[in-house]
Amino acid sequence: MDSPTFDAVVTAVVGLLLAVGVTGTIIPILPGSILTVAALLAWAWLIGSTASWTAGLIGAALALIGMSASLVLTGRKMRAHRIPSGPVLVGVAVGVAGMFIVPVVGLFLGFALGLLLAEFARRRDLAAAWRSSLEAMKSMGLGMLLEFACASLAAFVFAVGALIHFSG
């Protein structure tokens with residue numbers, strides 16, 4: 001299927017999927033880096049040009065690096081501040097509920113509130129719960145920012161690869 005129309009349609013669809021993937025690194029309800037990797041590899045395979053394979057593999061590697069670095073950095077900071085995964089899971093659950101109660105910002109407000117309440121229940125000290133919740137949110141925010149940056153770079157590599165593919 002080596003037609004310019006097919007290539008253009010596939011590239012447009014993958015571009016939209018990448019927009020969702022990059023957004024998903026910030027809004028955890030949407031698929032993020034995994035969608036970015038899958039879309040880039042599917043684009044490379046379907047288009048099959050040297051430009052698409054080069055851009056697809058480089059972009060997929062960037063997205064995987066961002067996802068891995070985010071997980072490692074966040075986990076390391078959480079362990080350094082002795083924050084177990086239980087309160088974070090409570091924060092995620094309350095965040096998901098908050099998303100339906102208060103559209104757009106409910107996810108973030110719910111996560112922060114759920115994390116603070118779970119840490120308070122665990123520590124029985126509001127000041128300590130506040131400090132650990134703040135550190136958890138900062139480490140998760142930094143991880144999300146790093147993952148977003150790498151996914152954005154992957155999308156940029158895709159755009160350059162598509163430009164090269166269609167100009168050649």
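A: We start with one side chain: leucine 40 touches Leu18, Gly56, Gly59, Ala60, Ala154 and Phe158, leaving aside residues up to four places away in sequence; contact means heavy atoms within 4.5 Å. The model is predicted, so local features need pLDDT of at least 70 and side-chain atom pairs count only at pLDDT 80 or more, while totals for chains, interfaces and linings use all residues. Residues are numbered from 1 along each chain as its sequence is written, and side-chain values use heavy atoms, with hydrogens and water left out.

Q: Which residues of the largest nonpolar core touch the most other members?

A: A nonpolar core is a set of buried Ala, Val, Leu, Ile, Met, Phe, Trp, Tyr and Cys residues joined through side-chain atoms within 4.5 Å. Buried means under 20% relative accessible area, exposed over 50%, and partly exposed in between (1.4 Å probe, protein chains only). Here the largest core has 15 residues, and Val10, Val14, Leu18, Leu40, Trp43 and Phe158 touch the most other members. At least two core residues come from each of helix H1 (4–24), helix H2 (33–47), helix H3 (50–80) and helix H6 (126–167); helices are DSSP runs of H or I, at least four residues, numbered from the N terminus. H2 gives the largest share, 5 residues. Another core, of 6 residues, lies apart from this one and includes Val88, Phe111, Leu115 and Ala136.

Q: Which residues does UniProt list as "transmembrane region"?

A: Such annotations may be inferred rather than shown by experiment. The unreviewed UniProt entry lists residues 29–47, 53–75, 87–120 and 140–164. Residues 53–75 are 100% helix, with end C-alpha atoms 32 Å apart. Residues 140–164 are also 100% helix, and their end C-alpha atoms lie 36 Å apart.
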